[in-house]
Amino acid sequence: MPFLLLHGAGLGRWIWDDVLPHLEEEARAVDLPGRSNGTNPGEVTLEQCIDFVAGQTRAMKMTPVLVGHSFSGQIALAVAARFPETVASIVLIASVVPESGKPFISLMPLPQRIIMSLLLKRADHGIKIPASQVKHGYCNDLREAKTTLVLGKMTREAPHLYLDAVDRPALPATMPRLYVKLLEDKSVSLKQQDRTIDRVHATAVETIPSGHLPMLARPEDLAETLNRWARRKTIEHVGK
């Protein structure tokens, strides 16, 4: 089964470059809308991102494993729930996902939510994660060269991905879903990851001793985790 790979907040398809050579199946990493062709991320909505990813799944020759890292887990879940015929299974990597009908920002504590809401609503051209937050939350286990790479490539994010509330139906009971838990993540706590595992009713859980960006810290370990999942799902599919 091929992979369709989605990046997290402020990142891009480049984050998967070190993983791609180690994957055993066809894989496509994509940039979410708002990152190219002069698009203003301030105008990009969550619905547009969901429609874009759904179009990507339909364009692949075989139904893919849809992989959502962190922030993009909400997009992966929405696509799989709305268009289950276009997705073979989903993989969430250190994702936190709001309840259906609530925005991503609802996951934040109330004081932070109020401040972030004000900042996001005024960010007409997108919002950029502060470098200090990137270093602590994204790069705590990365070497200096990789940290410099991340800081140099971080881009403005679409505020609507935090602010938009989108209703999504329940995932089909037969939709396999793997959660990859990152044990050294400083951006998404273990408690938050466990909460999401319960919320999405993960059918399998794998762990990697990594910070928030295993694509850079442990690309071979992450690739092997994805390969094992694809092999298992392919064998189960053939056996039916």
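I'm working with a predicted model, where local features need pLDDT of at least 70 and side-chain atom pairs count only at pLDDT 80 or more, while totals for chains, interfaces and linings use all residues. Numbering runs from 1 along each chain as its sequence is written, and side-chain values use heavy atoms, with hydrogens and water left out.

**Thr 86.** I looked up where Thr 86 sits: in the loop between α2 (73–82) and β4 (89–93). Helices (H or I, at least four residues) and strands (E, at least two) are DSSP runs numbered from the N terminus. Thr 86 has a relative accessible area of 7%, so I log it as buried (under 20% relative accessible area, with exposed over 50% and partly exposed in between; 1.4 Å probe, protein chains only). Its side chain makes a polar contact of 3.1 Å with the side chain of Thr 57. For that term I use a pair of N or O atoms within 3.5 Å; within protein, one must be able to donate a hydrogen and the other to accept it, and residues adjacent in sequence count only if both atoms are side-chain atoms. Not counting residues up to four places away in sequence, Thr 86 touches Thr 57, Arg 58, Thr 63, Pro 64 and Val 79; contact means heavy atoms within 4.5 Å.

**Asn 40.** This one is in the loop between β2 (27–29) and α1. Asn 40 counts as buried at 16% relative accessibility. I found its side chain 2.9 Å from the backbone nitrogen of Gly 42. Beyond the neighbours within four places in sequence, Asn 40 contacts Asp 124, His 125 and Gly 126.

**Lys 181.** Which strand holds Lys 181? I found Lys 181 in β5 (residues 177–182). At 15% relative accessibility this lysine counts as buried. Its side chain has a polar contact of 2.6 Å with the side chain of Asp 194. Setting aside neighbours within four places in sequence, the contacts of Lys 181 include Leu 190, Ile 197, Val 205 and Glu 206.

**Core.** Which members of the largest nonpolar core touch the most others? Trp 16 and Ile 75 do, out of 79 residues. α2 gives the most to this core, with seven residues. A nonpolar core here is a set of buried Ala, Val, Leu, Ile, Met, Phe, Trp, Tyr and Cys residues joined through side-chain atoms within 4.5 Å. Leaving out residues up to four places away in sequence, Trp 16 touches several residues, among them Leu 5, His 69, Ile 93 and Met 215.

The largest pocket holds about 860 Å³ of space. Phe 104, Met 108, Gln 112, Gln 133 and Ser 187 are the closest to its centre, of 34 lining residues. α3 (110–122), α4 (131–137) and α7 (190–199) are the elements giving two or more residues to that lining. My rule: on a 1 Å grid over the protein atoms alone, a pocket is an open set with protein on both sides within 12 Å along at least five of seven lines, a cavity is a set of points where a 1.4 Å probe fits but cannot get out, and lining residues have an atom within 4 Å of a point.

**Cavity.** I get one cavity of 30 Å³ or more. The largest cavity has a volume of about 80 Å³. α1 (46–59) and α2 each supply at least two residues of its lining.

How values were computed: Grid points are joined across faces, edges and corners, and a volume is the space filled by probe spheres set on the points.
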